[in-house]
Amino acid sequence: MKHWHETKAILDRVANLTGEGVPSIIATVIHIAGSAYRRPGAKLLVEQTGATCGGISGGCLESDVRAQALEMLKGASGRLLHYDTGSDEETLWGMGLGCEGAVDIYLQRVDEQVLKLRHHLAQGQPFAAVTVIDGPNAGWQAIFARGALDGSTGDAELDQKIVQRTAALLEGNGDSQIFEVTPHRVFIDLLRTPPRLMIFGAGDDARPLCTLAAQAGFDVMVVDHRPAYLTAERFPEAVQLVLRRPEAGVEGLGLSRNHFAVVQTHALQHDRAWVSALAAKQLAYLGLLGPRGRKEQVMRDLALDENALFAPVGLDLGADGPEQVAISIVAEMLAVHAHREPRHLRARAGGIHAA
């Protein structure tokens, strides 16, 4: 879910470089097998100076990818890199990284097609960047948005298969991925809009929650009826601040299944009003801060189903203080977003970063 924001940051930097006439390379994770720190779609920008932005691993691959990209800027033609990060000490440059996975990374020069992505990000609608990485049409790129490609490979059957596969992937919950249309291999880079977290209540404990959620990849909106609480000084992240009283409800806020909400006004009357309005919407997640007794009171007053609320909100981490509570809430939301039941990684079979 960080993919959207990371791609935007990279493309904002690319736009500045291009305006200055400075070439650059974007390295993209296109396939992983086993355990890998980043998922397909993760990107690293390599500038002509050697400066970088973004990341395609936990730090073990960036140095070599940077070197490969700099050689490519000098005229080298290599574009597809394969790294096996298994436990064999001779597997990867004799470093023995032991990550127990394999990663394929595609390098491409920044061009006008790449810059088009920035325009689509600004539209705030899900789309996909499509690149043929192998086969007679290798290097061909297009953008799939609103059900259509903005170009053609020249092969009507290939175009149709790309459209069908990309549309299905955008509607689902999977990662960016490669698919094969012999003799081609096509990478579909999915760019879905990030989930929106709406925090109802701008008290001091909303501040760490806002910060951590934004860092995790959520778009954050903070709603409160007190103007003095809704200031850029209190919420320096690029979040939306909305002045609204609980009795005004949530109409006009554009709520959808992509929205998460946490109610934490610390006032039973206000909590009840916000929960009442939110429970009528189809949300991804609705959490209520406070003790179990508050949840039970709100549910009795509103005749809500037991499963309507994540309350008390957050995972049982033994949290103490607003910062730790924020961690427990964001962890729970990430699990819900990933359709995962929270558990210890040591209990997980297979690669810990496998999809």
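So, is the crossing of H6 and H7 right-handed or left-handed? It's right-handed, where right-handed means that the near helix is turned clockwise from the far one by less than a right angle, and left-handed means anticlockwise.

Before going on, a word on the model: it's predicted, so local features need pLDDT of at least 70 and side-chain atom pairs count only at pLDDT 80 or more, while totals for chains, interfaces and linings use all residues. Residues are numbered from 1 along each chain as its sequence is written, and side-chain values use heavy atoms, with hydrogens and water left out.

Back to our pair. Helix H6 is residues 268–279 and helix H7 is residues 292–302; helices are DSSP runs of H or I with at least four residues, strands are E runs of at least two, and both are numbered from the N terminus. Their axes come within 10 Å and cross at roughly 55°. Axes here are lines fitted to C-alpha atoms, for helices over the stretch in contact, and angles run from 0 to 180 degrees between N-to-C directions. That angle makes H6 oblique to H7, because under 35 degrees counts as roughly parallel, over 145 as roughly antiparallel, 65 to 115 as roughly perpendicular, and the rest as oblique.

Now the other pair. H1 and helix H3 (residues 112–123) have axes that come within 9 Å and cross at roughly 125°, so H1 is oblique to H3 as well. This time the crossing is left-handed.

A cavity is a set of points on a 1 Å grid over the protein atoms alone where a 1.4 Å probe fits but cannot get out; a pocket is an open set with protein on both sides within 12 Å along at least five of seven lines; and lining residues have an atom within 4 Å of a point. Grid points are joined across faces, edges and corners, and volume is the space filled by probe spheres set on the points.

The largest pocket holds about 2000 Å³. It has 50 lining residues, and Met1, Arg39, Leu334, His337 and Ala338 are the closest to its centre. H8 gives the largest share of that lining, 5 residues.

How many cavities of 30 Å³ or more turn up in the whole structure? The search finds 4.
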